[in-house]
Amino acid sequence: MRSLMGCTSFTPSVLIQKGAIIPRRCIRHLCLRTAVSAHGSSSMVIDKQKVAVDILHEIRTEVSRMKESIGMVPGLAVLHVGDTKLSTPYWAACGFVGIRSFEVHLAEDTTEEKTLECVSSFNDDPCVHGILVELPLPTHMDEHKILNAVSIEKDIKGFHPLNIGLLAMRGREPFFLAQTPKACIELLHRNNIEIKGKRAVVIGRSNTFGMPAALLLQREDATVTIIHSKTKNPQDITRQADIIISAVGKPNMVRGSWIKPGAVIVDVGISFVRDRNAPGGFRWVGDICYEEACEVASAIITDVGGDGLLESDMLLSNTLTSAKRIHNFL
C-alpha cells in the first residue's frame, strides 16, 4: 500500500484528462455553448468540464476545512487486480483536493481469497473512508462477491445491494449515490433545469446506471419511465419525455423524431465506431443522434469527447461525505 497524499504534480493551474494535463487557461473558456442547426434552431449544449472544475474546488475547500477543524483528512483506497492500463488516475485528483490516496496493485493471478483479504483490510482501516475496486476483475473471480465485501459505509460507488435498496425506499437515504447517475442529476441542478413534475425517460436498466438513475429522478419528483430491450415502440414513449437520459452504448439509437420539441437530453452512452474520415479511422458516437437532437432539444448534455472528470468528482465527493459521516463533521 502506498500513500500519495503529497502529490505535487497536480496543481490548481492544471486538470487531468485521461492522463493528459489540461492548462486552466483552456478550461476557463469552457461554458454553455449553443449548437445552431441548419434550419436556424438552436440547443444549449452543456459542457460537463466547467461543472467538474467547480465541484473540484468545492471539494478542495471542504477537505481543507475538515483538516483545519478536526485534523482529519479523508482517505480513498483503490484496488487494482491485473491490467490497470485503463485505470483512472484518481491519485491526481486526490492530490489536488487534498484527499489521501491509497493504492494496491495485485497480480492477474491473485486468488479471490487474497483479494477479499485486501478489501477487508481497507474496511478495517480508519484512515480509509472510501473504497474503489477497479473493474473488470479477472475472470476467475466472482465480481459480485468482491463488490459485496466492501463495507456499505465505504461503498463510494453506491453499488452495494443495501445502497440500491435504500435508494428505492421513500423516507430512507442511501449511504452513497452511484457516480454517473449522481453526475447527471448534478448537471441538471447546476444548470437550473427543472426536474420536479417533469416526464423523464431513462434508456437502459443496468444495475450500475439505468436503475439508480430512474430512482434518483423519481426522488426528484419526476414521472419516470424506463425503456429497455423488450420495450415496444420506444419512440412513442420518448416523444412524451421532457428529459431523456440514455446510457446503453448503441450509436445514434435515438433519432430527432424520437424527441419532443424543447426536451432536455442527457447522453452518457458512448460507442467507438468506424469512420474512414476520422483520425485513426474511428470516432466516438453517443446513443442520441447529436445533429438531429440539436434541431429539436432545448439543451443537450453529452459525454462524447468527455474525460470522465465529473464522474471522478462524484467519487471524491462520496469519499468526503463518508469521512464527514464517520467523524460526525458538519
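This is a predicted model: local features need pLDDT of at least 70, side-chain atom pairs count only at pLDDT 80 or more; totals for chains, interfaces and linings use all residues.
**The chain as a whole**

The protein chain holds 11 helices and 15 strands. Of its 330 residues, 48% are buried. Among the contacts between residues at least 6 apart in sequence, 68% join residues at least 24 apart.

The buried residues of helix 2 are Lys 48, Gln 49, Val 51, Ala 52, Val 53, Ile 55, Leu 56, Ile 59, Val 63 and Met 66. An α-helix has 3.6 residues a turn, so residues three or four places apart point the same way. On the side of helix 2, the residues that meet helix 11 include Val 51, Ala 52, Ile 55, Leu 56, Ile 59, Glu 62, Val 63 and Met 66, while helix 11 contributes, among others, Leu 309, Leu 310, Met 314, Leu 316, Leu 320 and Ala 323. Just after helix 2, Gly 71 takes a positive phi of about 70 degrees.

When neighbours within four places in sequence are left aside, Ile 301 is in contact with Ile 46, Lys 48, Leu 187, Leu 188, Ile 265, Val 266 and Asp 267.

**Helix 3**

Helix 3 is mostly covered, as seven of its eight residues are buried, namely Tyr 90, Ala 92, Ala 93, Cys 94, Gly 95, Phe 96 and Val 97. Trp 91 also belongs to helix 3 (residues 90–97), but at 31% relative accessibility this tryptophan counts as partly exposed. The C-alpha atoms of Trp 91 and Phe 102, which are 11 residues apart along the chain, are separated by 8.2 Å. Helix 3 is followed by Gly 98, whose phi is positive and near 95 degrees.

**Helices 7 and 8**

Helix 7 (residues 179–190) and helix 8 (residues 210–219) pack at an angle of about 35 degrees, with their axes 8 Å apart, and their crossing is right-handed. In this pair, Pro 181, Lys 182 and Ile 185 of helix 7 meet Pro 212, Ala 213, Leu 216 and Leu 217 of helix 8.

**Backbone geometry**

Most residues other than glycine have a negative phi, and most peptide bonds are trans. Against that background, Asn 192 has a positive phi of about 55 degrees although it is not a glycine, and its place is in the loop between helix 7 and strand 9 (199–203). Asn 328, in the segment after helix 11, likewise has a positive phi, near 50 degrees. A cis peptide bond, with omega about 0 degrees, joins Leu 135 and Pro 136, and Pro 136 is found in the loop between strand 8 (130–133) and helix 5 (143–148).

**Cysteines and accessibility**

With a disulfide taken as a pair of cysteine sulfur atoms within 2.5 Å, the count comes to zero disulfides.

| Residue | Relative accessibility | Class |
|---|---|---|
| Cys 127 | 35% | partly exposed |
| Cys 184 | 3% | buried |
| Asn 192 | 74% | exposed |
| Asn 328 | 66% | exposed |

Definitions and conventions. Residues are numbered from 1 along each chain as its sequence is written. Side-chain values use heavy atoms; hydrogens and water are left out. Buried means under 20% relative accessible area, exposed over 50%, partly exposed in between (1.4 Å probe, protein chains only). Helices (H or I, at least four residues) and strands (E, at least two) are DSSP runs, numbered from the N terminus. Contact means heavy atoms within 4.5 Å. Axes are lines fitted to C-alpha atoms, for helices over the stretch in contact, and angles run from 0 to 180 degrees between N-to-C directions. A crossing is left-handed if the near helix is turned anticlockwise from the far one by less than a right angle, and right-handed if clockwise.
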